[in-house]
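Me: I would like to learn how to read helix packing and a nonpolar core from coordinates. Please give the general idea for each feature, then the case here.

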Amino acid sequence: MSSSNKGKDIVPGSSSSSTRSSSAYPPSDHHHHHRNLNPQPSPPPSTHQPLSRYESQKRRDWNTFGQYLRNQRPPVALSQCNFNHVLDFLRYLDQFGKTKVHIQGCLFFGQSEPPGPCTCPLRQAWGSLDALIGRLRAAYEENGGLPETNPFASAAIRVYLREVRDSQAKARGIPYKKKKKKRPLLMKPQFNGETSNHNLPLQ
């Protein structure tokens with residue numbers, strides 16, 4: 001089992017890695033703060049330096065979210081987006097997930113390595129969604145959004161991600177341990193190989 005699942009399986013239609021993208025989409029120019037929220041970031045500088053993997057993925061995620069809003073009936077302007085649209089987007093992405101999440105009543109519920117197949121649904125892994133929200137939160141402000149109106153930074157999003165993390169850990173038999181606060185004056189931090197809360201082995 002690998003703990004490096006963050007950022008995988010997010011872009012609809014992509015492979016299991018985060019190296020493929022959705023197509024680019026035309027920008028939206030409406031914003032009630034007179035700052036443009038643009039779902040298609042401007043091209044990189046003319047220095048011909050390639051974007052980092054993180055920056056490339058962030059651009060693809062931003063484009064995908066912008067297209068998702070435009071596909072709503074009626075379409076939603078980025079300036080009118082709120083945390084409910086973000087929650088709907090996260091649930092929409094589950095259909096493209098590759099992480100088996102056992103349901104209550106499944107013989108393999110709570111088993112991290114089930115001995116056989118089952119009909120439980122595939123979902124986006126918590127680590128993937130957590131990384132996605134981090135990229136979109138940054139992209140929103142980089143493209144003209146105000147920090148105080150950032151829907152990706154909403155408390156409701158944090159609650160949703162925590163619920164997904166806890167439910168997936170329980171369904172897959174993965175114990176979750178909160179990181180203990182370091183007490184440098186009393187003891188030295190111990191590195192015993194425990195998994196941090198940002199690297200749950202959900203895949």
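Reply: Contact means heavy atoms within 4.5 Å. Helices (H or I, at least four residues) and strands (E, at least two) are DSSP runs, numbered from the N terminus. This is a predicted model, in which local features need pLDDT of at least 70, side-chain atom pairs count only at pLDDT 80 or more, and totals for chains, interfaces and linings use all residues. Residues are numbered from 1 along each chain as its sequence is written, and side-chain values use heavy atoms, with hydrogens and water left out.

Me: Which residues of H1 and H2 meet?

Reply: From H1, Thr64, Phe65, Tyr68 and Leu69 meet His85, Val86, Asp88, Phe89 and Tyr92 of H2.

Me: At what angle do the axes of H1 and H2 cross?

Reply: Axes are lines fitted to C-alpha atoms, for helices over the stretch in contact, and angles run from 0 to 180 degrees between N-to-C directions. The axes of H1 (residues 53-70) and H2 (residues 83-93) cross at roughly 105° and come within 11 Å. H1 is therefore roughly perpendicular to H2, a label for angles of 65 to 115 degrees.

Me: Which residues have the most contacts inside the largest nonpolar core?

Reply: A nonpolar core is a set of buried (under 20% relative accessible area, 1.4 Å probe, protein chains only) Ala, Val, Leu, Ile, Met, Phe, Trp, Tyr and Cys residues joined through side-chain atoms within 4.5 Å. The largest one has 24 residues, and Phe65 and Phe152 have the most contacts inside it. H3 gives the largest share, 7 residues.

Definitions and conventions:
Angles under 35 degrees count as roughly parallel, over 145 as roughly antiparallel, 65 to 115 as roughly perpendicular and the rest as oblique. Buried means under 20% relative accessible area, exposed over 50%, partly exposed in between (1.4 Å probe, protein chains only).
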